[in-house]
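Here are my notes on this model. Please read them with the structure open beside you.

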Amino acid sequence: MDAMTVYLDDKAVGLAGDRLTDVLDAARQQLAPVGRMVVDVQLDGQPLVGEQLDEQANNPLPGEAELRLYSAAPGTVARQ
């Protein structure tokens with residue numbers, strides 16, 4: 001089985017976790033020191049928003065999945 005590929009702002013990163021929640025927690029820890037937060041989540045090219053994000057949060061992620069996370073500074077998000 002292939003390992004899941006995780007990208008943070010289009011750079012491959014070694015964020016591990018069996019569930020989306022685990023990977024998001026790891027991303028938050030990595031982003032906190034630089035004052036950024038996850039603002040967009042895509043699983044296999046499909047945006048996860050609202051209920052989709054909630055539904056997927058605790059489900060096991062497929063090993064061959066591609067997870068893309070995008071970040072922004074909180075002030076940037078507030079202005080949008």
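1. **Basis.** This is a predicted model, in which local features need pLDDT of at least 70, side-chain atom pairs count only at pLDDT 80 or more, and totals for chains, interfaces and linings use all residues. Residues are numbered from 1 along each chain as its sequence is written, and side-chain values use heavy atoms, with hydrogens and water left out.

2. **Overall fold.** The protein has three helices and five strands. Helices (H or I, at least four residues) and strands (E, at least two) are DSSP runs, numbered from the N terminus. Their order from the N terminus is β-β-α-β-β-α-β-α.

3. **Overall size.** The radius of gyration is 12 Å, which agrees with the value near 12 Å for a compact globule of 80 residues. That radius is taken over C-alpha atoms, and the globule rule is 2.2 Å times the number of residues to the power 0.38. Along the principal axes, the C-alpha atoms fill a box of roughly 40 × 25 × 20 Å.

4. **The sheet.** The five strands make an open, mixed sheet, ordered β2-β1-β5-β3-β4. At its edges are β2 (11-13) and β4 (46-47), each of which pairs on one side only. Two strands count as paired if DSSP finds at least two bridges between them.

5. **β1 and its two neighbours.** On one side, β1 (residues 5-8) pairs with β2 in the antiparallel sense, over three bridges. Valine 6 has valine 13 as its bridge partner in β2, and tyrosine 7 stands opposite alanine 12. With β5 (residues 66-72), β1 runs parallel, and four bridges join them. Here leucine 8 stands opposite leucine 69.

6. **β3 and its two neighbours.** β3 and β5 are antiparallel and share six bridges. Valine 41 stands opposite leucine 69 in β5. β3 also runs antiparallel to β4, with two bridges. In that pairing, glutamine 42 faces proline 47 of β4.

7. **Two hairpins to check.** β1 and β2 form a hairpin with two residues between them, and aspartate 9 in the turn has a positive phi of about 55 degrees. The β3-β4 hairpin also has two residues between its strands, and aspartate 44 in the turn has a positive phi of about 50 degrees.

8. **Rings.** What lies over the face of tyrosine 7? Arginine 68 does, at 3.9 Å from the ring centre. The test is NZ of Lys or CZ of Arg within 6 Å of the ring centre and within 35 degrees of the ring normal.

9. **Largest pocket.** The volume is about 180 Å³. A pocket is an open set of points on a 1 Å grid over the protein atoms alone, where a 1.4 Å probe fits, with protein on both sides within 12 Å along at least five of seven lines; lining residues have an atom within 4 Å of a point. Volume is the space filled by probe spheres set on the points.

10. **Pocket lining.** Which element gives the most to the lining of the largest pocket? β3 does, with five residues. α1 (20-31), β3 (37-43) and α2 (50-56) each supply at least two. Among the lining residues are Leu24, Arg28, Asp40, Gly50 and Leu53. By class, eight are nonpolar, one is polar and two are charged. Ala, Val, Leu, Ile, Met, Phe, Trp, Tyr, Cys and Pro count as nonpolar, Asp, Glu, Lys and Arg as charged, and the others, Gly among them, as polar.
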